[in-house]
Amino acid sequence: MIIGLIGNPNSGKTSLYNQLTGSTSHVGNWPGVTVEKRVGKYLKDKSIEIVDLPGIYSLSPYSPEELIARTFLNQKPDAIINIVDATNLERNLYLTSQLVEHNIPMVVALNFKDITERRGEVIDISILENTFCVPFIQISATKNLSTDELMNKIKLVGSSTYSRKGHYLLNGELEHTLNDIKTKLSLLQKPTEAFHIVKVLELDKQTLKMMQFDNETLEYFKENTKNIEQKHDDEIASIVANARYEKISEILNKAITKKGKASPITDRIDKIVTNRFLAIPIFIFIMSFIFALVFADELFSIPMPGTFFQGLMEGFVEIVQVGVANLLINLNASSWALDLVVDAIIAGVGAVLSFMPQILLLFLLLSILEDTGYMARVAFIMDGLLRKIGLSGKSIVPLIMGFGCSVPAIMAARTIENENDRKLTIMLTPFISCSAKLPIWALFAAAMFSGGNWYIIPIIYFTGIIVLVFVSLGLKKTVYKGSSSTFIMEMPPYRYPNTKNTVLLLLEKSKHFVIKAGTIILSATIIIWVLQYFTPTFRVAEVESDSILAVVSNFIVPVFHPLGFARGEYGYVSIVATLTGIIAKESVVSIIGVLGPGATVVESVRMMFTNVSSLSFMVFNLLIFPCLATIGTLRQELKSKKTFWFTLLIQLVTAYLVSLVVYQIGSLIW
Amino acid sequence: MTLDELKPTQIGRVVKIDGQGVTKRRLFDMGITPGTNIIVKKMAPLGDPMEIQVRGYTIGIRKEEARRIIVEGVNI
């Protein structure tokens, strides 16, 4: 049995889906779009397949999400569960009024039963059932109340012995008009499913095409509709929508026997959180706190969890390294094998895995924040500012996360509905200085800019942001021209975060991260190892500078001459460092340490760079290709190969140009 | 007058929504239809978007979108 789960965004659909299937696992995307497709089996009866459809407000054919729902309904599933937010009945029932027009067995799940009860609201379910002609069951998805009852009902209506005839729910005179259309359609022996009739009235293109009317009939219907439009001085879609809402109001007036008292908490919180003056400082405060938890060593002498778990992971990797090394030695493995497995693979993959705890923690904290409904407020607050650079308020979360790590940041862009906005946000995220790049800035700050020049680090951060702004404006005016989507965004009441949802989501994300990023990193680590272990004639390199990597780097060195770094005997080291930085940005510092001329890494930097060439080198590493984990995520989230390669191209060009400008202008000044 | 001209705590009743297209559809899918009352709650820190209450729930909407909504004042 195939059951579709349909409802508004924020109606608790995800919670219900998790409750019923025990997971958030998705099986890729719906064909042709980047909308995630989620299908799972009902835990208590594996013969029932539950398809989680994207949250939609209506079945109009305008967005990919709505089209997916429409297509799904056309395929006639066995039944659908329409999940409705009972604390927001009027708007939620709008979709319901469209769904009941289909001949598909249906059950309405009135979610948030616990909240309506707490508010003292009393709803006469029988009135709803009689007017909508489908069963209504009050549930609480998060508290798992009555979900069994719901599924039993669904099994009943979805079974082959039950059939349902759709009907329309519109106010007043439109009902007469629709009846007339129905009569006409049946005379012409055309399909007369309720939703077809309404669509004919609305002159819906898809439906008209399907009906294959002759010209006379087509003109008749068009004339009909035009008359109605003229009478109401409005377009038909608007008239129909209004009629739906009027009907719903009428029904609710009878059905709600005791109105609940809405909790003022959401309003009270919002008075502060979206207050004109406090909003942005509060946002900065909350973000700083989250970042401290994830990336700081300690806050007011309290050790922070992020770095703690990262340390554990690093320690674990070390143990594995030592263990495997001993094992291989005991097995008399050759030295190259030892080098490859222990120093390259385990070290390389381990370096990336070691910051997985922080990525996950960041993601967890921001998901919890999203669950409460705060992120909708953030988009609201930041929209004004982001529009000026060609993005929208919804881009703020990925961009902020980028300060920590681009991997979860890019994945967070999934919530942006508009395809162009989403692509642009994903492409811009790597320009933000992530935490893995911080050791590079810290090294150079210590080596070249110590004393009063600590501000070099914030300057690097601002450079990233400024480049981002310019690239955004540039792309928006050229490649991604065209109006952005509408903003119109619901700000749901604040709710307690559902930890079960979040944890399940986290597990899914970790699995993905480990698999996807892991395979790319593993392959690349091996390749880089080969390149630095062997000479061009495939003998083992005696000295570092004989390796393929060094030879190739030396070859490329002239290209970097105008950028100021990569000069002199040890110029190739900065190239190798940048290249290995593509595996993990932390490698930049370690390569300079290993291959550099100085006794310490700081000394090496002083010997290899000048003030100005330090700047151009830092800027180059800031803007050039991100680490492999991010590249892997980019490839995954940017469906089109073209966009993916275009992103890399932009990074290359921007890094080179900005670094060039920094060096050339810098050397004129200093 | 149009919705974007209203100030916080003012209420407007929708007369009509101008224009065509996706934005208009979205607006009335969300319940903004002729005869509906809209309460303006506040403006975002940069003056845009605006926060409104419709049919018992809250929406953020840009002023350029609000400009399409023709309203008559209920308590101005």
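A surface patch is made of residues with over 30% relative accessible area and no salt bridge, where like charges are joined within 9 Å and nonpolar side chains (Val, Leu, Ile, Met, Phe, Trp, Tyr) within 5 Å. Accessible areas come from the Shrake-Rupley method with a 1.4 Å probe, and for residues only the protein chains shown count as cover. A salt bridge is a side-chain nitrogen of Lys or Arg within 4 Å of a carboxyl oxygen of Asp or Glu.

This is a predicted model, in which local features need pLDDT of at least 70 and side-chain atom pairs count only at pLDDT 80 or more, while totals for chains, interfaces and linings use all residues. Residues are numbered from 1 along each chain as its sequence is written, chains are lettered from A and ligands numbered from 1 in the order in which they are written, and side-chain values use heavy atoms, with hydrogens and water left out.

**Patch and helices of chain A**

Val661(A), Ile665(A), Leu668(A), Ile669(A) and Trp670(A) form a nonpolar surface patch with about 630 Å² of accessible area together. Ile665(A) belongs to helix α30 (residues 641–669) of chain A; helices (H or I, at least four residues) and strands (E, at least two) are DSSP runs, numbered from the N terminus. Ile665(A) is partly exposed, with a relative accessible area of 47%. Buried means under 20% relative accessible area, exposed over 50%, and partly exposed in between (1.4 Å probe, protein chains only). Helix α25 (residues 571–580) of chain A is largely enclosed by the rest of the structure, because nine of its ten residues are buried. Among them are Tyr572(A), Ile575(A) and Thr580(A).

**A sheet in chain A**

Six strands of chain A make an open sheet in the order β2-β3-β1-β4-β5-β7, with mixed pairing. β2 (38–41) and β7 (136–138) of chain A are at the edges with a single partner strand each, so one side of each has no neighbour in the sheet. Two strands pair if DSSP finds at least two bridges between them. β2(A) pairs with strand β3 (residues 49–52) of chain A in the antiparallel sense over four bridges, and Arg38(A) has Asp52(A) as its bridge partner in β3(A).

**Strands of chain B**

Strand β4 (residues 57–61) of chain B has five of five residues buried, so this strand is largely enclosed by the rest of the structure. Tyr57(B), Ile59(B) and Ile61(B) point one way from β4(B), and Thr58(B) and Gly60(B) point the other way. Strands pair through backbone hydrogen bonds, either parallel or antiparallel. The pairings of β4(B) are listed below.

| Partner strand | Bridges to β4(B) | Partner of Ile59(B) |
|---|---|---|
| β11(A), residues 489–490 | two, antiparallel | Glu490(A) |
| β3(B), residues 50–54 | five, antiparallel | Ile52(B) |

β3(B) and β4(B) form a hairpin with two residues between them, and Arg55(B) in the turn has a positive phi of about 45 degrees. Ile38(B) lies in strand β2 (residues 37–43) of chain B and counts as buried at 0% relative accessibility. Beyond its neighbours within four places in sequence, Ile38(B) is in contact (heavy atoms within 4.5 Å) with residues including Leu3(B), Ile52(B) and Ile69(B).

**Backbone angles**

Most residues other than glycine have a negative phi, and most peptide bonds are trans. Phe112(A) has a positive phi near 70 degrees and is buried, with a relative accessible area of 7%. Asp233(A) has a positive phi of about 55 degrees. Asp48(B) and Pro49(B) are joined by a cis peptide bond, with omega about 0 degrees.
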